Each structure stands twice: as C-alpha cells, then as structure tokens.
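Me: I am new to this structure and would be grateful for a guided reading. Might we proceed by question and answer?

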Amino acid sequence: MKAFLILLATLSVTAQVNAGEIVLETNNHLYPIPGRGTSCTAMNAGREQDLSAPHVSISELYVTNKTSQNFYPTRLTFTTGDTGYVCSYTGQVLADLGLAKNIQPGQRAQTFCNMKCGAVPFGQMAKPGYLTVYGHMSDGQTVEATAEIEVMN
C-alpha cells in the first residue's frame with residue numbers, strides 16, 4: 001500500500017524540458033509493472049497483452065508548442081541510458097496514442113492513451129531514462145525535446 005501511495009504522489013509531479021519553444025512534460029518517475037501489458041494499438045484492435053514483462057506505462061505526456069509555427073510530431077522514444085534500451089513510437093503506433101498530428105502555436109497537446117514499453121531492463125538501483133519527442137516545424141526545421149525520467153526499481 002505504501003508503494004502505491006508513493007507511486008500516486010510521484011505521478012502528479014512532472015518533468016519539463018524546452019527544445020527551442022517546444023515543451024515536453026512527462027512523469028518524473030516510472031516504476032516497473034511486473035506483468036505483461038497491452039499497447040494502445042493492440043487495445044484498439046481488440047487484442048491483449050502484446051507487451052513483454054516487465055513494462056512501464058508513461059501516463060503523463062504533454063507537448064506544448066510555444067512557437068509561431070505548427071509543430072508536427074513524428075516520433076516518441078523512451079530510452080534508458082545505461083542499457084541501450086529503446087522503445088520507439090512512429091506512424092500508426094504513434095497515432096494510436098492520440099497525440100495531435102499538428103500542434104498549432106500556443107496549443108498544448110496530450111496523449112489519450114498511455115505510452116507503454118515492454119521488456120524494460122530493471123536493475124538493482126534507480127537509473128535515468130529519457131523520453132524524447134521528435135518532429136518538424138512548418139518551415140521544415142527538425143526539432144526534438146527530451147525529458148529525463150527516473151526509472152525506479
């Protein structure tokens with residue numbers, strides 16, 4: 001119960017990182033979920049448990065466009081620095097999260113389905129993880145914003 005309360009307390013805190021004028025906000029901490037998981041794509045198709053255990057679920061993911069141009073996100077990537085683990089969402093899988101394809105100036109977009117990544121390597125201690133949104137602006141300039149997430153054990 002104590003671990004659950006700590007999880008709830010930490011999920012309400014967000015990390016915020018600026019890349020030019022694109023702002024990415026997400027969870028400060030992620031905890032391993034020991035069972036298999038179901039991605040948004042599988043859920044939309046009526047399938048279950050397509051993610052290997054253990055997995056993580058990134059429940060808070062917001063992208064704010066503070067520029068004068070439209071921002072078009074093309075990829076979301078979750079990585080862990082010490083293991084080389086990469087979980088990448090593009091194309092239809094990215095669209096299944098519900099993140100707007102075109103984030104207009106001043107707009108704050110969010111995912112409506114959690115970004116989940118399976119078979120995440122966990123060790124003895126907490127380690128840094130990184131969530132990055134990639135995309136391009138109306139003028140073709142490529143942009144990325146990265147937020148650090150502490151991956152708990």
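Me: On what basis is the model described, and what is its average pLDDT?
Reply: This is a predicted model, in which local features need pLDDT of at least 70, side-chain atom pairs count only at pLDDT 80 or more, and totals for chains, interfaces and linings use all residues. Residues are numbered from 1 along each chain as its sequence is written, and side-chain values use heavy atoms, with hydrogens and water left out. The pLDDT is the predictor's confidence in each residue, from 0 to 100. In the protein, 87% of the residues score at least 70, and the average pLDDT is 86.

Me: Which element has the lowest mean pLDDT?
Reply: Strand S8 has the highest mean among the elements, 97. Over residues 1-19 the pLDDT is below 50, although this stretch has 37 contacts in the model beyond near neighbours in sequence (a contact means heavy atoms within 4.5 Å). The lowest mean, 34, belongs to residues 2-11, which form helix H1.

Me: How many helices and strands does the protein have?
Reply: Helices (H or I, at least four residues) and strands (E, at least two) are DSSP runs, numbered from the N terminus. From that terminus on, the elements run α-β-β-β-α-β-β-β-β-α-β-β-β-β. The count is three helices and 11 strands.

Me: What percentage of the residues is buried?
Reply: Buried means under 20% relative accessible area, exposed over 50%, and partly exposed in between, with a 1.4 Å probe and protein chains only. The protein exposes about 7,800 Å², of which carbon and sulfur atoms supply 52% (Shrake-Rupley method, 1.4 Å probe; for residues, only the protein chains shown count as cover). Of the 153 residues, the buried share is 40%.

Me: Why is strand S2 described as largely enclosed?
Reply: Strand S2 covers residues 22-27. It is largely enclosed by the rest of the structure because the number of its residues that are buried is six of the six.

Me: Which residues of S5 point the opposite way from Leu61, Val63 and Asn65?
Reply: In a regular strand the side chains alternate between the two faces of the sheet. S5 is mostly covered, since five of its five residues are buried. Opposite to Leu61, Val63 and Asn65 point Tyr62 and Thr64.

Me: Which residue of S8 is the bridge partner of Val63?
Reply: S5 and S8 pair in the antiparallel sense over three bridges. Within S8, the partner of Val63 is Ala109.

Me: What is the relative accessible area of Thr64?
Reply: Thr64 is located in strand S5, residues 61-65. Not counting residues up to four places away in sequence, Thr64 touches Glu21, Ile22, Val23, Glu25, Gln107 and Arg108. Thr64 is buried, with a relative accessible area of 10%.

Me: What pattern do the disulfides follow?
Reply: A disulfide is a covalent bond between the sulfur atoms of two cysteines. The criterion applied here is a pair of cysteine sulfur atoms within 2.5 Å, and the structure holds two disulfides. With bonded cysteines counted along the chain, the pattern is 1-3, 2-4.

Me: Is the disulfide of Cys40 and Cys113 left-handed or right-handed?
Reply: The sulfur atoms of Cys40 and Cys113 are 1.9 Å apart. The pair links distant parts of the chain, 73 residues apart, with Cys40 in helix H2 and Cys113 in the loop between strands S8 and S9. Because the torsion about the S-S bond is about -105°, the disulfide is left-handed.

Me: How many residues apart in sequence are the parts tied together by Cys87 and Cys117?
Reply: A disulfide joins Cys87 to Cys117, with an S to S distance of 2.2 Å. Cys87 lies in strand S7 and Cys117 in strand S9, so the separation in sequence of the parts they tie together is 30 residues.

Me: How far apart in space are Leu94 and Leu76?
Reply: Leu94 belongs to helix H3 and is buried, at 8% relative accessible area. Beyond neighbours within four places in sequence, Leu94 has contacts that include Leu76 and Tyr89. Leu94 and Leu76 are 18 residues apart in sequence, and their C-alpha to C-alpha distance is 7.3 Å.

Conventions. Pairing = 2+ DSSP bridges.
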